[in-house]
Amino acid sequence: MFLTFITFLPIIGAFLLAFFPKENEGAIKQTALAVAAADFLLSLYLWTNFDSSTHKMQFGLNIPWIESWGINYHIGLDGITLLLYVMTTFLTMICIIASWDVKKHIREYMMAMLALSTGMLGVFISLDLFMFYVFWEFQLVPMYIIVGVWGGPRRIYAAVKFFIYTAVGSLLMLVAIIWIYFHIKETTGVATADILFITDHLSSSVPLGTQKWLWAAFFLAFAIKVPMFPFHTWLPDAHVEAPTAGSVILAGVLLKMGTYGFLRFNLPFFPQASYEFVDIIAVLSIIGIVYGALVAMVQEDLKKLVAYSSVSHLGFVMLGIFALNEYGIQGALIQNINHGISTGALFLLVGVIYDRRHTRMIKEFGGLSKQMPVYAICFMIAALSSIGLPGMNGFIGEFLELLGTFQGIGFLYAACATSGVILAACYILWMFQRVMFLELSNPKNMNLKDINTRELITIVPLLILIFWIGLYPKPFMKTFDASVTHLVSKVSPDNFRPKQDHNEGGHHAALITKTELAKLSQKLQKTSHN
Amino acid sequence: MEPIHAPESIDLIALAPVLVLSVFAMGVLVLDLWAGKNKTLLMFVSLVGLLMTAISAFAKHPIPTFAFTDSYTVDHLSLFFICIFTLSSALTILLSYEYNEREGIKVGEYYSLILLCTVGMILLASSTDMIMIFLGVEIVSICLYVLAGIRRDNKASNEAALKYFLLGAFATGFLLYGMTLVYGSTGSTNLFKIAEFVKSDSAQSNPLLLMGIVLLVIGFGFKVAAAPFHMWAPDVYQGAPTPVTAFMAVGPKAAAFAAFFRVFSEAVPELAPSWEILLSTVAVLSMVVGNLGAIMQTNIKRMLAFSSISHAGYLLIAVISKSSLAGSSLLFYMLSYAFTTFGAFGIIILLGRKGEENLELENYSGLAYKHPLMALSMTVFLLSLGGMPPFAGFVAKFYIFSAAIEEGFLTLVIIAVLNSAISFYYYLKVVVFMYMKEPAGEFNISLTPMTLLVVIIGLIGTIELGIFPDTIISLTTH
């Protein structure tokens with residue numbers, strides 16, 4: 001019940017806001033913030049009470065919803081979703097603070113923001129396919145409204161593109177969901193859409209050919225959301241046109257729904273098909289990593305640059321997931337969080353100067369560090385974290401992902417992917433140089449005010465997290481250890497490889513035990529020797 | 001040929017809803033003489049009549065019962081459809097009352113015609129005999145011809161009526177011709193007897209029978225406005241008075257689908273391999289033509305007309321699937337479509353004024369910031385029409401697609417979901433105008449209570465069926 005309450009609290013808040021008089025902007029904003037903050041604090045309570053020694057669902061609730069179809073209101077959190085869940089409530093709160101200065105239709109804005117929050121939280125807790133789909137589609141609407149109403153000049157185009165693009169992918173997934181439902185009903189005699197039940201019973205009864213089709217249907221929905229190359233074209237439009245908070249949520253949570261989908265559905269439902277598709281995913285991810293980085297490098301618009309860097313970063317996450325081993329998946333999970341924090345921070349910071357100058361063109365700036373020193377420091381931390389500098393959060397994730405790729409997919413792939421890290425340094429540092437250093441030549445920048453307190457309140461928590469995860473990731477990593485081990489035991493390629501490889505694979509598997517950072521570099525060496 | 005006997009199994013209780021409603025329809029007609037200019041009494045009596053009809057439908061126990069030598073059936077399908085019909089007619093009457101006053105439609109026959117039309121619809125949904133089905137089709141059509149042209153001094157209304165009449169008469173011809181051929185080759189007009197005959201091998205390859213079925217598809221295709229027989233729909237929907245448009249989109253369409261479903265699932269299911277392809281083509285064409293056509297429209301009534309063509313396409317998938325689950329899904333879809341459509345048309349009517357109906361999409365610019373609740377309701381209706389959870393339209397589509405996938409029509413479902421994605425484009429276009437454009441002028445909206453009531457009923461239905469559909473689903477599946 002508690003989990004239900006936290007999930008639906010924001011939309012209840014949105015409903016209450018509807019009754020506020022339009023003119024009373026202060027009360028509207030404060031109420032929205034109070035709801036979001038309460039939601040975040042309550043979700044922290046979930047974290048502290050979370051038992052990280054098990055992969056089982058926690059805080060669960062399973063009550064009948066549509067009894068005639070065997071569809072249940074089944075919710076729960078496990079290691080894979082806990083951090084995403086907490087990050088969603090956290091970023092919602094941050095975004096509401098960041099939107100304090102929204103001028104237009106503030107009440108509707110806050111309502112959309114809170115409704116969006118419930119939609120996203122619902123996606124992560126759903127343990128019934130039908131329910132999952134309902135939330136998955138439902139959260140499109142508030143996001144569409146946020147981009148379309150409070151966005152930039154081409155907002156309507158971007159919003160419609162975002163909506164239609166995602167809808168096409170999701171609807172094909174719906175067909176697969178219905179197919180699975182009837183298949184399960186036929187083979188087990190139970191009419192259910194329960195995700196855990198399906199995970200246990202599906203893969204053994206579906207021939208590989210069919211598995212591949214079903215896998216592809218789910219893949220399309222999630223690949224569009226992630227977005228993977230070549231399904232990424234909606235993302236730059238949506239990011240550029242979305243208001244700052246919209247971009248933060250988009251990068252921080254919405255994209256993570258795609259990677260979450262792969263972990264919750266594609267891998268456990270169709271382990272063998274996933275294994276068969278590893279090469280394709282790896283190639284697409286690497287194209288995404290390199291292409292995203294190269295395109296980011298030539299962008300003149302700051303936000304577009306960050307948007308394309310997302311394509312690149314998410315390529316790493318996908319690579320980590322499809323390494324199909326513990327390092328890769330742990331890396332992917334922590335990188336999910338990292339990307340939300342770093343890219344979220346970057347979008348917030350871009351928003352800060354956009355609010356002051358109403359432009360995001362890199363060539364309009366230069367020498368800002370003289371005028372806005374505090375801002376420059378914050379920006380630098382976020383930028384370096386995005387590159388993956390050791391000691392910051394990005395490093396942990398990318399390192400684990402690359403390690404997993406080395407072991408799981410192959411040396412060549414990992415080497416190509418690593419080039420993305422170098423390219424990231426290029427585009428981020430070059431952008432940083434052009435914006436922050438050089439001469440303060442543009443007269444419009446002479447009187448810029450440094451970052452103010454409210455903006456600092458939104459940025460500083462993210463910066464703290466950057467260092468916290470970078471220096472002491474254990475509290476984060478340990479939440480999903482058990483879940484990842486359980487997942488890997490089901491999807492590990494060793495289950496499908498021909499026999500002769502089995503010994504070697506077993507050897508690797510023996511190496512993979514707990515993720516202690518101290519041991520990691522040692523293991524890396526061993527692997528490269530092999 | 002055998003001589004035709006008088007029906008042996010006269011069962012007036014089974015026929016109770018038809019009788020009750022006919023009496024009320026004629027009563028309203030007579031009452032109009034005394035009522036004068038104030039039509040409130042007529043409206044009230046009509047509503048009571050519909051309520052009585054719905055109650056009397058449940059008088060017959062046990063179901064299914066076959067009466068009048070198997071030509072009239074009381075079964076689960078017909079009972080549920082009667083509820084949908086009476087509901088949609090009641091909502092039409094509620095919508096009409098203020099609209100008619102505003103637009104100066106002072107004809108008392110209006111209510112009587114709607115009731116009579118409902119009688120025809122009940123016959124259509126309950127008949128298991130071709131002759132009865134034809135009677136039902138004719139009763140419904142003739143009432144609709146008049147209703148479409150009821151604004152006598154309005155050019156568009158007249159055009160709509162004339163077009164509808166000519167094309168409708170033509171379609172009826174096809175239908176009748178098809179029935180004749182089926183009768184000629186099977187020796188019966190009764191659906192069960194046709195089914196028995198078709199089961200024998202000799203019938204399977206009878207070209208006359210197949211020809212008859214093709215003509216039936218054309219005839220029914222006209223009545224449900226499926227492409228390529230949809231040409232009349234946009235003009236008629238646009239020209240007819242708005243409550244009548246809503247009525248046409250729901251009630252008569254549901255009735256035609258009920259008969260369509262009955263004929264194809266009860267009389268000729270054995271010939272499915274032959275007509276599946278034909279109906280699938282019609283279904284796909286309807287979805288594509290409807291959705292692509294709707295994208296081009298700037299008039300909201302025309303847009304909804306095209307959208308209703310595409311919905312006919314989705315519903316045809318249920319007819320093709322022809323399982324009992326498909327029948328249930330048809331029921332659920334029509335019910336949710338009724339709530340959603342009446343809600344949407346209610347908003348359209350609220351937005352209009354005398355002589356100025358405000359039907360262009362531009363008239364909706366910025367509605368969200370002047371009348372947020374209205375815009376929100378409209379958004380809910382449009383999203384539900386598009387099939388977005390958590391609204392009724394989603395569950396309805398899920399239901400139909402499930403039935404189709406269970407029967408193995410995977411390709412058809414994939415085409416249908418891709419069409420749903422297209423449909424979001426034009427449904428969202430209205431949302432774009434309401435939320436993302438600045439108001440072009442002042443809205444001069446008088447929230448008339450009856451119309452508002454319809455919108456609220458529609459809203460409750462749309463959300464209730466979307467979030468807690470279990471009760472209705474279990475009602476549809478018996």
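1. Helix α6 of chain A, residues 140-150, is mostly covered, with 11 of its 11 residues buried; a residue is called buried when 20 or more other C-beta atoms lie within 10 Å of its own, exposed when there are 12 or fewer, and partly exposed in between, the C-beta atoms being placed from the backbone. The buried residues of α6(A) are A:Leu140, A:Val141, A:Pro142, A:Met143, A:Tyr144, A:Ile145, A:Ile146, A:Val147, A:Gly148, A:Val149 and A:Trp150. Helices (H or I, at least four residues) and strands (E, at least two) are DSSP runs, numbered from the N terminus.

2. A word on the basis of this note: the model is predicted, so that local features need pLDDT of at least 70 and side-chain atom pairs count only at pLDDT 80 or more, while totals for chains, interfaces and linings use all residues. Residues are numbered from 1 along each chain as its sequence is written, and chains are lettered from A and ligands numbered from 1 in the order in which they are written.

3. Between the chains, 26 residues of chain B are in contact with 26 residues of chain A, where contact means that the C-beta atoms of two residues, placed from the backbone, lie within 7 Å. On the side of chain B that touches chain A, the elements giving two or more residues are α17 (392-406), α18 (410-436) and α20 (470-476) of chain B, and the largest share, 12 residues, comes from α18(B). By class, that side of chain B has 20 nonpolar, 4 polar and 2 charged residues; Ala, Val, Leu, Ile, Met, Phe, Trp, Tyr, Cys and Pro count as nonpolar, Asp, Glu, Lys and Arg as charged, and the others, Gly among them, as polar.

4. Helix α13 (residues 278-297) and helix α14 (residues 302-322) of chain A pack at an angle of about 160 degrees, with their axes 8 Å apart, which makes α13(A) roughly antiparallel to α14(A). Axes here are lines fitted to C-alpha atoms, for helices over the stretch in contact, and angles run from 0 to 180 degrees between N-to-C directions; angles under 35 degrees count as roughly parallel, over 145 as roughly antiparallel, 65 to 115 as roughly perpendicular and the rest as oblique. The crossing of α13(A) with α14(A) is left-handed, a term used if the near helix is turned anticlockwise from the far one by less than a right angle, with right-handed used if clockwise. Residues of α13(A) in this contact include A:Val278, A:Ile281 and A:Ser285, and those of α14(A) include A:Leu305, A:Tyr308 and A:Phe322. The residues of the contact divide into 16 nonpolar, 6 polar and no charged.

5. α15(A) passes α21(A) in a right-handed crossing. From α15(A) the contact takes A:Glu326, A:Ile329, A:Gln330, A:Leu333, A:Ile334 and A:Ile337, and α21(A) contributes residues including A:Phe476, A:Phe480 and A:Val488. By class, the residues of this contact divide into 10 nonpolar, 2 polar and 1 charged.

6. In chain A, strand β1 (residues 58-66) and strand β2 (residues 71-77) run antiparallel and are joined by 6 bridges, strands being taken as paired if DSSP finds at least two bridges between them. A:Asn62 stands opposite A:His74 in β2(A), and in the hairpin, which has 4 residues between the strands, A:Gly70 takes a positive phi near 70 degrees. A:Phe59, which lies in strand β1 of chain A, also has a positive phi, of about 55 degrees, although it is not a glycine; A:Phe59 is partly exposed, with 19 other C-beta atoms within 10 Å.

7. Some backbone features may deserve a look. A cis peptide bond, with omega about 0 degrees, joins A:Phe229 and A:Pro230, and A:Pro230 is placed in the loop between α9 (208-225) and α10 (234-241) of chain A. Another cis peptide bond joins B:Pro389 and B:Pro390, with omega about 0 degrees, and B:Pro390 is found in the loop between α16 (372-386) and α17 of chain B.

8. Finally, B:Met248 lies in helix α11 (residues 242-267) of chain B and is buried, with 26 other C-beta atoms within 10 Å. Leaving aside its neighbours within four places in sequence, B:Met248 is in contact with B:Leu144, B:Tyr237, B:Ala240 and B:Lys253.
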